[in-house]
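User: Please take a close look at the salt bridges of this model, and then at one helix and its surroundings.

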Amino acid sequence: MASLDFDLEESQFRSWYAAQAVALEDACAALTARVATVVTQAGGVDITKVEGRVKDVDECVRKFVRKYRPALEESNTPYDIQAYITDLVGVRVVCLYEDELEKIAQIVRAHFAVIDVTDKVSAVESTEASFGYKGLHLDLRLSVAERDLPEHAAYAQWPFELQVRTIIQDSWSVLDHKIKYKKSIPGQLKRRINVLSALFELADREFRQIRDATAAELLQAPDETAEPAPDAAADLQAPARAAAPSSELNAFTFLKIATHFFKDFEFEPSKVDGFVDDIQAWSAGMTRARFNSLMRETIGVVKRYKQHFEDQNPQASFNPYTVIRHCLYLSNKTAFRPALRNSARESFEAWLSDNAEPKVQG
């Protein structure tokens, strides 16, 4: 029964907490798994992790003392500590980009009953005197329909707090908690903490803008390739398009060209990044126009060799990267000698000799 005796209420809360410990851990595991399923199946956001925890009993008591006890005792209102701790179970979703916070919130709103929402972004941005991590906090519980399902019966009654953060906000939160004094401190030290917080906020914004700029580059990179012809002979005859000779070959322009020749192949960003770096190391100053030109000049020969190689080696892989390596080598055997291993180079040279293919030199 509620009272104004703090010692009594704390003792009763601790006893209740101990009796519910196993049920709380089970509920936490189940709710975390449920949230993970909902946000990952929805798609459209980059989730880096979903994790849950049960709030420590001492942390619960400290929260009650800090947030609720003074006002309750001032108004002479009896209390039961348990009723004021609505975030015993906490689930955290960490995403990559700040504009995904609200997307995740919309996803969970469609699957859970919302008790309350706290927008940490607005709370921090509304004052110049505050610093700390930003994010979105939602107090949730299972929807009415799911609460009635037998498989959810063991934890249907538990509300939980969902924290949605970017990976940078999550990192700041960890570091922020290591700063012992942040309020009653000298102005110079407070300013340094604010500068650090601002750097994390700037990193969040820049990370998102780099993502957007990357997408824009891939969409806007000029199309300077001719459609690859359906047969090898036509490949050799395809006319070149004019291109700015000073324009560099980078990951974006490489993809624009490569995807014209290999329409059904998915080029992984990390592999493209390293491969283009290798090309530039082999031939400094390689331009996109030159790369486009040498591909058209050599790909017909290499396609015929690819067919021969696959006939002789049914289990071997001759993917687009391998095709491009052979095209580079054929265009300039001195500069692009490192593009092929010794065994691959010897096999290619033997085939070229046997078939009296023209040797293109750049």
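Analyst: Glu73 and Arg69 both belong to helix α3 (residues 69-74), where four residues, about one turn of the helix, separate them. Helices here are DSSP runs of H or I with at least four residues, numbered from the N terminus. An α-helix has 3.6 residues a turn, so residues three or four places apart point the same way. The two side chains form a salt bridge with an N to O distance of 2.8 Å; the term denotes a side-chain nitrogen of Lys or Arg within 4 Å of a carboxyl oxygen of Asp or Glu. Glu73 is partly exposed at 32% relative accessible area, and Arg69 is partly exposed at 25%. Buried means under 20% relative accessible area, exposed over 50%, and partly exposed in between, with a 1.4 Å probe and protein chains only.

The model is predicted: local features need pLDDT of at least 70, side-chain atom pairs count only at pLDDT 80 or more, and totals for chains, interfaces and linings use all residues. Residues are numbered from 1 along each chain as its sequence is written, and side-chain values use heavy atoms, leaving out hydrogens and water.

The structure holds 22 salt bridges. One of them pairs Glu146 with Arg34, whose closest N and O atoms are 2.5 Å apart. This pair links distant parts of the chain, since Glu146 lies in helix α7 (residues 144-147) and Arg34 in helix α1 (residues 6-42), 112 residues apart. Glu146 is buried, with a relative accessible area of 13%, whereas Arg34 is partly exposed at 21%.

Arg211 and Asp212 form a further salt bridge, with 2.9 Å between the closest N and O atoms. Arg211 is partly exposed at 22% relative accessibility, and Asp212 is partly exposed at 34%. Elsewhere, salt bridges with shared partners join Lys49, Glu51, Arg92, Arg165 and Asp170 into one network.

Helix α14 (residues 320-331) has 12 residues, which should span 16 Å at 1.5 Å a residue; its end C-alpha atoms are 16 Å apart, in agreement. The expected span is 1.5 Å times one less than the number of residues. At the start of α14, a side-chain oxygen of Asn319 comes within 2.9 Å of the backbone nitrogen of Tyr321. The helix is mostly covered, with 10 of its 12 residues buried; among them are Tyr321, Ile324, His326, Cys327 and Leu330. The buried residues of α14 pack against α11 (251-261), α12 (269-282), α13 (288-312) and α15 (342-355), contact being defined as heavy atoms within 4.5 Å.

Methods. Helices (H or I, at least four residues) and strands (E, at least two) are DSSP runs, numbered from the N terminus. A polar contact is a pair of N or O atoms within 3.5 Å; within protein, one must be able to donate a hydrogen and the other to accept it, and residues adjacent in sequence count only if both atoms are side-chain atoms.
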